[in-house]
Amino acid sequence: MRLAKLQRVSYPETVAEAIQILSDKKRGAVALSGGVSFVFSPLQSVEELVSLSRLPLNYIKRKNGGLRIGATTPIADLVTSRAVKNYGDGILWETAHRIGSTLNRNLITVGGNLVQPFIWSDLSTVVLALRAGIKIQGKKSRDLSAEEFFTRLPRQFLKRGELVTEIVFPPFPKNYRAAYEKFTLTENDFALLKVAVVLARSGRVCRDVIIVVGGATILPQRVLSAEEILRKKIGSQILVNEASEVAAEEIKVSRDIRCSEEYKRDLCRALVRGILERILLDQKVPEWKLF
Ligand SMILES: Cc1cc2nc3c(=O)[nH]c(=O)nc-3n(C[C@H](O)[C@H](O)[C@H](O)COP(=O)(O)OP(=O)(O)OC[C@H]3O[C@@H](n4cnc5c(N)ncnc54)[C@H](O)[C@@H]3O)c2cc1C
């Protein structure tokens, strides 16, 4: 962590106190949650860090079939939470336990992972697919949908002094299914691409569907035309192939030194198809067969 000008680290105990320090233009203070992103983006000019570690934002609560997760909750707590495992077909749990290594998961927080997305970040893709809400507190409070929150880079979007305080996951009805897949070269590597799908079924008919691709660009993308192909239709292999083909064509792909655009489109096609075969067609797809 290169913080050559760092003079002070404050440890506020309330959200109001943290907001007050962060709002003070003269102090130029920056919020510190897990602190992991400072490995990648050193803040050479920062004079003060405001640790969020003592704020009462480390919690996972069940509410009306949904979940409320405080922004400073470490990813490791999602992995050990029964409430998270039982929510949303286990999609959030599956995502959490595949983030980085154990050491990373102990440090990385839910809020930090969402506010500073990188091309490999996991949570944003799933938070968008689950139609979660983001609670923001500053001088005023505001509630945003994940869809609004990820229209641009969250750090540019947050005003001075504003903090993400909570992620609200809506109830997950019984007829809904969800799955998350990511492609990495090794178990703990940064993902090249990931896909989250949440859909409602009655029998084989897909009543509602949301398909989100992460890692093609820094921000997660919904693939609306692929969703449209599936919505209100009877699930079949032909339909699934068509939707995954369209998803692969439709996504925007940013330059990534790790692989070609064509490779990412191939990954997108394979991941979307694999998930849909599993949760719409009830096929048991062994991992080796995905590619
Ligand atoms: C080796 C390694 C492997 C990794 N692997 C993965 C992976 O597989 N998947 C993945 O998703 N991530 C992975 N990460 C983590 C990811 O790259 C980010 O560094 C991490 O998510 C940042 O979270 P944090 O809690 O440490 O946030 P911080 O670094 O503390 O903060 C990030 C930014 O957000 C701001 N901020 C933090 N919390 C709030 C808040 N509540 N409100 C407003 N602003 C806030 C901070 O001021 C800062 O600008 C990995 C990191 C490393 C080092």
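**View A. Pro171 touches Asn64, Gly65 and Gly66 once neighbours within four places in sequence are left aside.** Two residues are in contact here if their C-beta atoms, placed from the backbone, lie within 7 Å. Before you look further, note that this is a predicted model: local features need pLDDT of at least 70, side-chain atom pairs count only at pLDDT 80 or more, and totals for chains, interfaces and linings use all residues. Residues are numbered from 1 along each chain, as its sequence is written. You can find Pro171 in the loop between β8 and β9. Helices (H or I, at least four residues) and strands (E, at least two) are DSSP runs, numbered from the N terminus. Is Pro171 exposed or partly exposed? Pro171 counts as partly exposed because it has 13 C-beta neighbours inside 10 Å. The cut-offs are these: a residue is buried if 20 or more other C-beta atoms lie within 10 Å of its own, exposed if 12 or fewer, and partly exposed in between, with C-beta atoms placed from the backbone. From Pro171 to Val272 there are 101 residues in sequence and 24 Å in space, C-alpha to C-alpha.

**View B. A shell of 33 residues surrounds the ligand.** The closest are Gly34, Val36, Ser37, Gly111 and Gly112. A residue counts as near a molecule or strand if its C-beta atom, placed from the backbone, lies within 6 Å of it. Which element gives the largest share of the shell? That is α6, with four residues. By class, the shell has 19 nonpolar, 12 polar and two charged residues. Ala, Val, Leu, Ile, Met, Phe, Trp, Tyr, Cys and Pro count as nonpolar, Asp, Glu, Lys and Arg as charged, and the others, Gly among them, as polar. Domain 1 (8-51) and domain 2 (60-169) each give at least three residues to the shell.

**View C. Domain 2 and domain 3 meet here.** The protein is divided into domain 1 (8-51), domain 2 (60-169) and domain 3 (176-285); these bounds come from an automatic or database domain assignment. Taken over C-alpha atoms, the centres of domain 2 and domain 3 are 21 Å apart. In this view, 20 residues of domain 2 are in contact with 21 residues of domain 3. On the domain 2 side, α4 (91-97) and α7 each supply at least two residues. Of the elements on that side, α7 gives the most, with five residues. The residues on the domain 2 side divide into 10 nonpolar, six polar and four charged.

**View D. Cys268 is one of the residues that touch the most other members of the largest nonpolar core.** This core has 84 residues, and Val197, Ala247 and Val272 join Cys268 in touching the most other members. The element that gives the most to this core is α12, with seven residues. A nonpolar core is a set of buried Ala, Val, Leu, Ile, Met, Phe, Trp, Tyr and Cys residues joined through C-beta atoms within 7 Å. Leaving aside neighbours within four places in sequence, Cys268 is in contact with Leu193, Val195, Val213, Ala216, Ala247, Ala248 and Ile251.

**View E. Helices α11 and α12 have buried residues to look for.** α12 has 19 residues and reaches 27 Å from its first C-alpha to its last, close to the 27 Å expected at 1.5 Å a residue. The expected span is 1.5 Å times one less than the number of residues in the helix. Among the buried residues of α12 are Lys264, Leu267, Cys268, Arg269 and Val272. The buried residues of α12 pack against β9 (176-183), β10 (193-202), β11, α10 and α11. In α11 (residues 237-250), the buried residues are Val240, Ala243, Ser244, Val246, Ala247 and Ala248. Their cover includes β11 (205-214), α10 (224-230) and α12 (261-279). An α-helix has 3.6 residues a turn, so residues three or four places apart point the same way.

**View F. Arg131 and Lys232 have positive phi values, and neither is a glycine.** Phi of Arg131 is near 55°, and this residue sits in the loop between α7 (123-129) and β6 (133-137). Arg131 counts as partly exposed because it has 14 C-beta neighbours inside 10 Å. Phi of Lys232 is near 65°, and its place is the loop between α10 and α11. Lys232 counts as exposed because it has 10 C-beta neighbours inside 10 Å.
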